[in-house]
Amino acid sequence: MSYRIWRISHLLTYLVFPITLIHTIKIGTYFSSIFISTYIYVIFSLFILIVLYKFLHFASILGNRYVITKIEDINSEIYLVHLKPTIKKIKIKGGQFIQLRLNPFGESHPFSVLDFDETTGEIALGIKKVGKFTNQLKQLKEGSFVNIDVGYGVFTKEAYNTQNKRIVLVAGGIGITPFISYLKYISQAHNNYEEVFLFFANRNLSSISFMEYLNSLSIPNLKVVFCFSDEENDHPYEKGRVNVILMNKYLSYSTSNYQYYICGPEGMMNSLAKDLELNGVDKANIFKEEFGW
Ligand SMILES: Cc1cc2nc3c(=O)[nH]c(=O)nc-3n(C[C@H](O)[C@H](O)[C@H](O)COP(=O)(O)OP(=O)(O)OC[C@H]3O[C@@H](n4cnc5c(N)ncnc54)[C@H](O)[C@@H]3O)c2cc1C
């Protein structure tokens with residue numbers, strides 16, 4: 001089901017409760033009991049408050065107003081958006097995502113926070129143009145206002161707290177974004193890991209993002225492996241897809257001794273997770289971040 005049909009069908013569910021209530025008041029028999037009628041009115045009042053709260057968010061009256069300070073191209077498909085809070089600074093944990101709305105009553109889309117400045121509250125997002133919303137955002141001018149709801153989920157939460165000191169990150173294309181903030185975190189002296197690997201899969205050299213940044217990181221126990229599935233020119237990197245055979249060329253221990261964090265296209269995530277499980281990795285040590293539904 002497309003996201004837009006999914007969204008409309010979910011919004012329609014808000015009508016179910018008031019219709020049921022009207023039906024109950026008009027022809028139901030429960031209202032003869034004071035207890036049941038009080039109970040129903042309390043639930044209905046809570047429902048109204050929730051709808052009001054959602055409406056104020058939807059209208060961008062609640063939520064957080066940010067201004068776009070810069071939009072810069074990384075390549076023909078991927079760009080960076082820099083956002084600055086106008087009123088309130090919001091705290092975001094590494095690996096979290098925000099919900100971004102471009103206009104009041106417009107759609108709200110999720111994006112992982114690439115970078116967050118604790119002092120100024122500024123946020124950077126790395127975005128791939130895939131459809132209407134991501135193309136509209138690219139057209140906005142510096143100085144435009146957007147609305148943000150923060151900060152949801154922490155895909156790499158277990159990696160921040162892990163007792164398992166051997167970590168394997170696998171990114172496909174724009175799926176690199178949640179790992180950028182994680183790598184920044186461990187580069188700032190929060191690094192008690194024995195080994196950290198990043199396998200970064202892309203189609204070709206012209207579609208990759210953040211390669212320079214990843215090469216510039218000086219994290220002693222980090223090994224970044226670039227992997228290209230369709231690059232026609234000669235290159236010194238890995239060729240083909242990321243799988244357990246490729247990983248075993250680099251990992252010091254057998255595959256079951258690591259925790260895995262995978263973010264990328266659904267097909268890649270599912271086939272890699274299956275491959276890992278077949279090679280003895282416990283399901284509980286495989287974490288995936290879906291970028292769509
Ligand atoms: C937790 C999370 C983090 C994400 N982080 C990033 C990121 O850092 N950078 C990035 O480029 N993309 C990220 N995405 C994906 C991004 O939200 C979609 O690419 C974007 O919403 C597509 O909208 P569109 O109108 O441009 O394209 P469309 O053509 O409308 O959508 C393309 C695909 O994106 C998915 N999608 C569309 N709308 C939504 C929505 N509102 N919520 C969830 N999925 C949607 C659907 O699977 C759809 O098939 C993330 C998604 C999730 C769920």
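Modeller: Leaving aside its neighbours within four places in sequence, F197 is in contact with V168, L169, K223, V225, Y250 and L251, where contact means that the C-beta atoms of two residues, placed from the backbone, lie within 7 Å. This is a predicted model, in which local features need pLDDT of at least 70 and side-chain atom pairs count only at pLDDT 80 or more, while totals for chains, interfaces and linings use all residues. Residues are numbered from 1 along each chain as its sequence is written.

F197 lies in strand β8, which covers residues 195–202; strands (E, at least two residues) and helices (H or I, at least four) are DSSP runs, numbered from the N terminus. Because 20 other C-beta atoms lie within 10 Å, F197 is buried. The term buried stands for 20 or more other C-beta atoms within 10 Å of a residue's own, exposed for 12 or fewer, and partly exposed for what falls in between, with C-beta atoms placed from the backbone.

The protein has nine helices and twelve strands, and its C-alpha atoms fill a box of roughly 75 × 45 × 40 Å along the principal axes. The domain assignment gives domain 1 (3–58), domain 2 (64–152) and domain 3 (157–289), the bounds coming from an automatic or database assignment. The centres of domain 1 and domain 3, taken over C-alpha atoms, are separated by 46 Å.

Among the strands, β1 (residues 64–73) and β2 (residues 78–85) run antiparallel and are joined by seven bridges, two strands being paired if DSSP finds at least two bridges between them. β1 and β2 form a hairpin with four residues between them, and Y66 stands opposite P85 in β2. On β5 (residues 123–128), six bridges join the strand to β2, again in an antiparallel arrangement, with H82 opposite A124 in β5.
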